[in-house]
Amino acid sequence: MGNIIKTTAHKQINFLKKEIAKVSYNSQEGHVSSAYSIMDLLWVLFKETLNIYPRNQKNSDKFILSKGHGSLALYAMLLENKNISLKEFRSFSQYKSKLGGHPDSNKLPNVIASTGSLGHGLAIAVGIAMSSKILKVENKIYCLIGDGECNEGTIWESALLATEHKLDNLCCILDMNHSGDRAIKLSNLKEKFLSFGWAVKTINGHSHKEIKSSYKAFKKNKPSIIIAETIKGNGVKMMENSHAWHRKSPSKEELDLILEELN
Amino acid sequence: MRKQFVSTFESLIKKDSKLSLLLCDIGVFGFRNSIAKYPNRVMNIGILEQSTIGVAAGMSRSGLIPVIHTIAPFLVERAFEQIKIDFGYHNIGCNLVSVGASYDYASLGCTHHCPADVALLKNIPGMEILTPGHPSEFDSLFREIYKNGNPSYFRLSEKSNIKSNKVKFGKANLLKKGSKATIIAIGPVLDVTLQAAKDEDVDILYYSTIIPFDSKTLQKSMEKKSKIMVIEPFYSGTISNLIIESLEQKSIMIKSIGVPKEFLTNYGLAEEHDNAIGFTTKNISKELRKLINA
């Protein structure tokens with residue numbers, strides 16, 4: 001049974017990845033490899049973890065994509081969950097589209113925060129987690145950040161606050177695809193977050209089993225961070241771990257190769 | 001005005017279970033009673049202004065009404081992008097309350113001055129900017145709008161006019177009528193303006209709200225005039241575009257007395273800076289005469 005579900009999920013994720021590649025080819029926009037690196041993380045979050053997604057429901061779990069340039073993966077999950085239509089998905093980055101290069105909470109009712117400038121989402125997530133404590137709401141707050149984003153001072157300010165306020169309803173997911181290594185190598189992030197007082201778990205960010213169990217492993221009186229080791233451009237050989245693909249859209253020939261590989 | 005801020009807040013939080021306050025290690029002694037009584041909602045969050053704005057945005061998203069308080073340069077200039085995106089672009093409610101104004105803490109040097117706050121914040125669409133000139137004006141303005149769901153900035157100063165005016169959010173007060181020119185006085189520079197213009201044939205408009213700007217009152221005052229003098233307690237020229245937009249079909253002469261665009265490298269008292277800049281009866285009278293005779 002488990003294998004069947006996994007296979008179905010894998011097929012559907014590849015379908016979504018193909019849609020992402022096509023929409024990026026058509027628009028010549030989008031951070032495709034950043035989206036591929038978090039597809040498995042978002043799939044498990046949206047399909048198997050979050051308790052009711054709409055942002056205005058007081059008791060629902062909340063999710064913020066702080067690394068907003070991974071927006072295509074978020075849009076793919078909104079498509080998967082039928083929050084947007086395929087037509088809307090394919091309008092990505094067009095003049096009147098709801099879907100831009102970074103998610104916009106004014107245009108998408110399921111998105112809590114408009115992100116894009118790095119280092120904003122985690123602080124907002126901390127504020128929501130604090131509010132849940134104040135208002136006695138029993139929910140979980142998830143926030144996905146990138147390793148490059150950890151260069152931002154606000155990540156560490158927020159990390160201090162989350163510990164100080166014992167935010168055990170907060171789970172930060174770190175997409176550790178090493179895209180920030182070319183500037184500052186953050187190889188000891190686990191120790192850093194441990195020293196800030198967080199519960200830390202390192203997982204394979206493409207293993208659904210590991211992702212699922214980590215999303216549920218909250219510790220009392222501590223915020224949690226999951227360091228998800230991922231491959232930027234996961235699933236497409238020419239894209240994997242290639243900085244050249246950070247904000248590159250495929251040519252027609254490259255698109256054909258991507259679609260073939262994802263088949 | 002800071003004492004009034006504490007007492008207004010203490011009175012409101014008794015009845016409003018959504019009201020909350022984040023202090024960036026400033027004003028902690030003043031708010032000690034609220035911190036003790038409402039530890040979940042009133043807290044000294046620490047010296048991390050950028051994340052404090054983000055945290056407050058998360059609180060606002062969750063239905064709370066956050067107030068954030070620290071010295072103007074740290075609140076506005078350090079955390080500007082967070083204010084722009086987390087509150088401005090999201091268009092969610094907050095109350096940013098600063099102290100220190102342009103150079104109230106003159107002796108602390110340029111790092112603690114903030115003559116640019118209003119000029120910066122008025123570039124954020126939807127941001128409301130209030131400049132009360134008296135503690136009771138702060139009290140009535142804050143009570144009027146603190147839960148209106150918009151991002152609002154209250155610029156508090158150590159300096160205050162002797163008497164308060166009956167102010168309304170977004171409305172200018174016509175305090176004196178005349179025919180030769182219109183003077184716009186903003187917040188705590190009203191007293192010196194009234195004194196300087198007491199024998200002149202001019203309108204005096206008092207603005208305690210900058211944004212939204214009360215264009216109608218200005219337009220009415222300027223129906224038969226073409227000369228405007230602005231006494232603005234922040235960078236000179238900050239509100240010039242608001243005046244021009246209000247009077248777009250009209251040829252006008254504007255003279256601004258405000259803080260010059262240079263670092264104020266002297267220390268001393270705020271009053272000494274007032275004198276050096278020209279926020280004095282003598283200087284305003286002289287400049288007003290020149291404008292009327294021009």
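**Contacts, strands and domains**

Tutor: Leaving aside neighbours within four places in sequence, A:E210 is in contact with A:I203 and A:N204. Please keep in mind throughout that this is a predicted model.

Student: What distance separates the C-alpha atoms of A:E210 and A:V137?

Tutor: These two residues of chain A, A:E210 and A:V137, are 73 residues apart along the chain.

Student: Turning to the contact of chain A with chain B, which helix gives the most to the side of chain A that touches chain B?

Tutor: The contact takes 20 residues from chain A and 21 residues from chain B. On the side of chain A, α5 (121-134) and α6 (153-164) each supply at least two residues. By class, that side has 10 nonpolar, 9 polar and 1 charged residues. The helix that gives the most to it, with 10 residues, is α5(A).

Student: Which residue in β4(B) is the bridge partner of B:H69?

Tutor: On one side of the pairing scheme, strand β1 (residues 19-23) of chain B pairs with β3(B) in the parallel sense over 5 bridges, and there B:L21 stands opposite B:V67. Strand β4 (residues 94-99) of chain B is also parallel to β3(B), and 5 bridges join them. In β4(B), the bridge partner of B:H69 is B:V97.

Student: How many residues of helix α3 of chain B are buried, and which residue with a positive phi follows the helix?

Tutor: Helix α3 (residues 49-61) of chain B reaches 18 Å from its first C-alpha to its last, close to the 18 Å expected at 1.5 Å a residue. Because 13 of its 13 residues are buried, α3(B) is largely enclosed by the rest of the structure. The residue that follows α3(B), with a phi near 105°, is B:G63.

Student: What radius of gyration does chain B have, and why does that value agree with a compact globule?

Tutor: Chain B contains 12 helices and 12 strands, and its C-alpha trace spans about 60 × 40 × 30 Å along the principal axes. Buried residues make up 51% of its 294 residues. For 294 residues a compact globule would have a radius of gyration near 19 Å, so chain B agrees with this, its own value being 19 Å.

Student: How far apart are the centres of domain 1 and domain 2 of chain B?

Tutor: Chain B is divided into domain 1 (2-155) and domain 2 (172-288). Where they meet, 25 residues of domain 1 of chain B are in contact with 22 residues of domain 2 of chain B, and α6 (117-121), β5 (128-130) and α7 (135-145) of chain B each supply at least two residues of the domain 1 side. Taken over C-alpha atoms, the centres of the two domains are separated by 26 Å.

Key: Residues numbered from 1 in each chain as written. Chains lettered and ligands numbered in written order. Predicted model: local features only at pLDDT ≥ 70, side-chain atom pairs only at ≥ 80, totals over all residues. Pairing = 2+ DSSP bridges. Helix = DSSP H or I, 4+ residues; strand = E, 2+ residues; numbered from the N terminus. Contact = placed C-beta atoms within 7 Å. Nonpolar A, V, L, I, M, F, W, Y, C, P; charged D, E, K, R; others polar. Rg over C-alpha atoms; globule rule 2.2 N^0.38 Å. Buried ≥ 20, exposed ≤ 12 C-beta atoms within 10 Å, placed from the backbone. Domains from an automatic or database assignment. Expected span 1.5 Å × (residues − 1).
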